[in-house]
Amino acid sequence: MNLAIDIGNTYVKAGWFENSQLVDIQPKTSLEKLSSQISRNRPEQVIVSSVSAHTQPLRELVPGSTRFVILDSSTPLPFRNSYHSPTTLGTDRIAAVAGAYERFPNRNLLVIDAGTCVTYDLLTDKGYYLGGSISPGLRMRWQAMHTFTARLPLVSVESPEESSNISFIGQNTEAGLKSGGLIGMAAEIDQIIRRYADKFAALQVVTCGGDIKFLHPWLFSDHTYVPELVLIGLNSIVQYESL
């Protein structure tokens, strides 16, 4: 078995794979829980993507017989990385692109990850990763409006049902903030998809990230939601590297 671990800005996620098949997932885990699982399952390979934490404590949990890979700019990939500053590229972005490539090979792919930030990444049908863009995530937008003004309250949306019932025309300040943050972000995503689709034929849009479930009622563009895209990509990378 392989173990893929995604250490993000908010959560640690882990997925267990048999070859390319995801057989178990922990969407919110910890080093303590992973330690017991690693001892019990003894994976053949472990791959880690980390955007916010040191990986040394995790490395110490892995038996010496297990191949341990920390995804970085030197890790071999199943596609060509044409990013001009590969050492600054978030490994979660690369893993998400690898996951989309695993699911939809030889396609023009736009990968959108709606998490702490929203990232947009383009992989061509010739297998070239070109880069993309980064914008504030949903909570970051609401937090910024609250922080950088004197009187605007901090708002949030707690469920997809609440999201779908937001009024486009906010009739009070809280409703206006929710509409502007959520529906405005969905409009941004739709417009960016449209611009990429104008340039890249038969574009396949693949989405992931925890905020997609809130955005979905307000997105007009076709997209395929793959919640475990980063973990799938990590596993595909470690399998590719071991060939």
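**Figure 1. Strands β6 and β9 run parallel and are joined by two bridges.** In this predicted model, residues are numbered from 1 along each chain as its sequence is written. Local features need pLDDT of at least 70, side-chain atom pairs count only at pLDDT 80 or more, totals for chains, interfaces and linings use all residues, and side-chain values use heavy atoms, with hydrogens and water left out. Strand β9 covers residues 128-136, and Tyr129 in β9 stands opposite Asn81. Strands are DSSP runs of E with at least two residues, helices are runs of H or I with at least four, and both are numbered from the N terminus. Two strands count as paired if DSSP finds at least two bridges between them.

**Figure 2. An open sheet is formed by six strands with mixed pairing.** The strand order is β6-β9-β8-β7-β10-β11. Strands of a sheet pair through backbone hydrogen bonds, either parallel or antiparallel. β6 (80-81) and β11 (224-225) stand at the edges with a single partner strand each, so one side of each has no neighbour in the sheet.

**Figure 3. Strand β7 (residues 109-114) is largely enclosed by the rest of the structure, because six of its six residues are buried.** Buried means under 20% relative accessible area, exposed over 50%, and partly exposed in between (1.4 Å probe, protein chains only). Leu109, Val111 and Asp113 point one way from β7, while Leu110, Ile112 and Ala114 point the other way. Both sets of residues are buried.

Figure 4. In β8, Tyr120 stands opposite Ile112.

**Figure 5. Thr124 lies in the loop between β8 and β9.** With a relative accessible area of 10%, Thr124 is buried. Contact means heavy atoms within 4.5 Å. Apart from its neighbours within four places in sequence, Thr124 is in contact with Arg107, Asn108, Leu130 and Phe200.

**Figure 6. Val155 lies in the loop between α4 (138-147) and α5 (160-164).** Val155 has 7% relative accessibility and counts as buried. Leaving aside its neighbours within four places in sequence, Val155 is in contact with Trp142, Glu174, Leu177 and Lys178. Gly181 is 26 residues from Val155 in sequence, and the two C-alpha atoms are 9.5 Å apart.

Figure 7. Along the principal axes, the C-alpha atoms fill a box of roughly 60 × 45 × 30 Å. Buried residues make up 47% of the 243 residues. Of the contacts in the chain with a separation of 6 or more, 54% are between residues 24 or more positions apart.
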